[in-house]
Amino acid sequence: MPTEPQIVERAEQPYVAIRGVVTMRTIAEIADRLPEVFGRVGAHGVEPAGAPFFKYNLIDMKGRLEIEAGVPVAAVAEAADIAQDADELLSGVLPAGRYATVTHVGHPSGLLDATAALLDWAAKRGLRWDVTETRDGEKWGCRLELYKTDPRVEPDMNNWETELAFRLAD
């Protein structure tokens, strides 16, 4: 069950990630690589600076999705240093700005409904997303799923907390 959506200001956030192009059916190909990113961050002696996330760059629900599986770090220099150490890693900065957010508590299978509810909530309020329509799909400025629950601490996916945070157009 999602919480009530709200609008929040988010500061920019450096991160390290692995990017992949998948479909809705093959999303695990990128999702299952998140431990690799954690491993690289840890190998550099760096503590994550927040919850791991998936960043949806390009969305065509019937076709392909470009997704980053990422871990936030404290500084841009740390992110660049970690990414430089491995071919498939990239460093970036989640942009600052106004985001519409909602927290979903429950199994990740409920995220599609939570996403639809957030999109509908924003539409009813006349809010505009930081998104551009392209022939390949929707290109998002920043659309995140932040995984707040550590599965080592809470293995029951029905109790997981996931925050959706979609950047609004300025």
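Colleague: Where does Ala-49 lie?

Modeller: Helices (H or I, at least four residues) and strands (E, at least two) are DSSP runs, numbered from the N terminus. Ala-49 lies in the loop between helix H2 (34–43) and strand E3 (53–59). This is a predicted model, in which local features need pLDDT of at least 70 and side-chain atom pairs count only at pLDDT 80 or more, while totals for chains, interfaces and linings use all residues. Residues are numbered from 1 along each chain as its sequence is written, and side-chain values use heavy atoms, with hydrogens and water left out.

Colleague: Does Ala-49 count as buried, partly exposed or exposed, and what is it in contact with?

Modeller: Buried means under 20% relative accessible area, exposed over 50%, and partly exposed in between (1.4 Å probe, protein chains only). Ala-49 is partly exposed because its relative accessibility is 37%. Contact means heavy atoms within 4.5 Å. Leaving aside neighbours within four places in sequence, Ala-49 is in contact with Gln-13, Pro-72, Val-73 and Ala-74. Ala-49 and Val-73 are 24 residues apart in sequence, with 4.6 Å from C-alpha to C-alpha.

Colleague: How is an aromatic pair described?

Modeller: By the distance of the ring centres and the angle of the planes. Rings of Phe, Tyr and Trp (its six-membered ring) pair if their centres lie within 6.5 Å; planes under 30 degrees apart count as stacked, over 60 as edge-to-face and the rest as tilted. The count by this rule is five aromatic pairs. One of them, Trp-129 with Phe-166, is edge-to-face, at 5.6 Å centre to centre and 65° between the planes. This pair links distant parts of the chain, 37 residues apart: Trp-129 is in the loop between helix H4 (111–124) and strand E7 (131–134), and Phe-166 is in strand E10 (residues 161–167). Trp-129 is buried, at 14% relative accessible area, and Phe-166 is buried at 2%. Ring pairs link Trp-129, Trp-140 and Phe-166 into a cluster.

Colleague: Which ring does the charged end of Arg-143 sit over?

Modeller: A charge sits over a ring if NZ of Lys or CZ of Arg is within 6 Å of the ring centre and within 35 degrees of the ring normal. The charged end of Arg-143 sits over the ring of Trp-140, 4.8 Å from its centre. Arg-10 lies over the face of Tyr-99, at 5.3 Å from the ring centre.

Colleague: Which residues of the largest nonpolar core touch the most other members?

Modeller: In soluble globular proteins, nonpolar side chains tend to be buried together. A nonpolar core is a set of buried Ala, Val, Leu, Ile, Met, Phe, Trp, Tyr and Cys residues joined through side-chain atoms within 4.5 Å. The largest has 34 residues, and Val-16, Val-41, Leu-89, Leu-118 and Trp-129 touch the most other members. H4 gives the largest share of this core, five residues. A second, separate core has eleven residues, including Ala-51, Tyr-99, Cys-142 and Leu-144.

Colleague: Where is Thr-162 placed, and is it buried or exposed?

Modeller: Thr-162 is in strand E10. Thr-162 counts as buried because its relative accessible area is 0%. Beyond neighbours within four places in sequence, its contacts are Val-102, Thr-103, His-104, Leu-111, Glu-145, Leu-146 and Tyr-147.
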